[in-house]
Amino acid sequence: MSDRLERDQLMTNTPTAAPLLSPTRRGMIAAAVGAVLVPTVSRSAEPAITVALRPDLSRASTVFEGWGTALAWFANVTGGWPAADRERLADLLYGQNGLGWTIARYNIGGGDRPDAKPYLRPGAAVPGFWRQPEGAAGADWWDPDDPAMWDWSADANQRWWLDAIKARVRAPILEAFSNSPPWFMTVSGKVSGAERRTDDNLRPGQEDLFATYLARVVEELQRRHGVAFRTLSPVNEPNTDYWHAANTQEGAHWSPQRQGAMILATDAALRARGLAAVVSAPDETNSHLFLADWDAYPREVRAAIGQLNVHSYGTVNQTGVRDVARASGVRLWMSENDTPLDKDPEDFEGMASPLAFAEHVVLDLKRLEPAAWVFWQAVENLSARDGGKGSNWGLIKTDFSTSPEGPHTIHVTRRYWVMAQFSRFIRPGYRLVPVDDLDTVGALSPDGKALVLVHVNGGLSPRRLAPPAGWSGRMIITDAQHRAEPVTGLVVPPRAVATLILKRGA
């Protein structure tokens, strides 16, 4: 997550948003999926160039499982909104006429001490499921075998999203993840981290207790909501200097040795409860640190990991992580990212951050070859306040400080429509295929009859795309004038993202 305190908390005034999902917009969404044609996009004054797209279908590899988001902060806020508002958001992300996502990462909150003065940013105080008995003092009072010490009414807002996703997705893939242990298991007594950035914050010897907490929460959420968690990630961006007591979000540093102990404890806790979920790890912030963690794990720790997770807040050594997954025979996820253009002011309609985001997705898919690509926070707090320029984190922007009753203004940004260029067309079950153009990623349908190519044109010249011989079809565009809309021809305008949906001999 790279310290989100520094990444996305500049605040300023908010522009007015256009209405969300009006009948016209719903028609536009339907048109993007169908074969409706709109007038050809305008040409730039710069000369057009031709880009030959040559996918190697003989090397179709990773079976792609889908797209999704971590719930965490935005779910902790929006799950308590009026039904019309929160249902609208759920449709935008997981509905068939929205992004069509199929994956969600549920954040098991650590939970701060009940008497702590609030210090976490809006939405970040995700409740824990423990209950502290009246009169309990110190840090050693919690007994997971005592039913009175569990609070299953906690985290109602994020849990609403589990039900909303279940109602929209036939077989959602769910992962539970933790940012911090509960406060009473930490050294600092705070869920934001240790006093020093590079100190481990889980108290020595607490691995089994923390693992029991996580596994028991997974078990109970499954039972109460009728869902299945496939994986449980016990540490997050562990070997970094992001997490410290003065931070405003949950986080904890873990040395590779402590990571290993926690991975083994979590695996044992899942097995002890007879759960089908497996451990995912290490959810490192970038590939470089992932490889450092992996190199330090002994054989038994590696064997206990059922899914490899890496974030892509840095792109150095990504193919090394791909190789680890291949050599281990373990599924790999790109489990967290959100990459707006650095220092790009908050702008719902501008293309600078959407283009940067699209290029990042393309390169992640080409270099990591992951089975899934998961967004950090699909819905983000408005960040342009008090004269600051803000930033473009998130696909949808809203005001987290508004009372739950509303009214709530929801801003669907141009980045949302760029995401649609990928997630509506590269569907679960498609296989990633290498394409020799650096700006293009490809995927082949399970039956081999449909080929999807997503191309990013960040330049000033139009690009005439030449699909492989024997394939033809249609193109969808997002740029300053189009929101995931079909266009005639195969000329991609400057500063645009295009998706080609091709059929053999069509």
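Colleague: How many bridges join strand E6 to E7?
Modeller: This is a predicted model, where local features need pLDDT of at least 70, side-chain atom pairs count only at pLDDT 80 or more, and totals for chains, interfaces and linings use all residues. Residues are numbered from 1 along each chain as its sequence is written, and side-chain values use heavy atoms, without hydrogens and water. Strands (E, at least two residues) and helices (H or I, at least four) are DSSP runs numbered from the N terminus, and two strands pair if DSSP finds at least two bridges between them. E6 (residues 278-284) and E7 run parallel, and the bridges joining them number five.

Colleague: Which residue in E8 is the bridge partner of leucine 308?
Modeller: Leucine 308 is itself the partner in E7 of alanine 281. On the other pairing, five bridges join E7 to the parallel strand E8 (residues 331-337). There, the partner of leucine 308 is leucine 332.

Colleague: How many of the seven residues of strand E7 are buried?
Modeller: Buried means under 20% relative accessible area, with a 1.4 Å probe and protein chains only. Strand E7 spans residues 305-311 and is mostly covered. The buried count is six.

Definitions and conventions: Buried means under 20% relative accessible area, exposed over 50%, partly exposed in between (1.4 Å probe, protein chains only).
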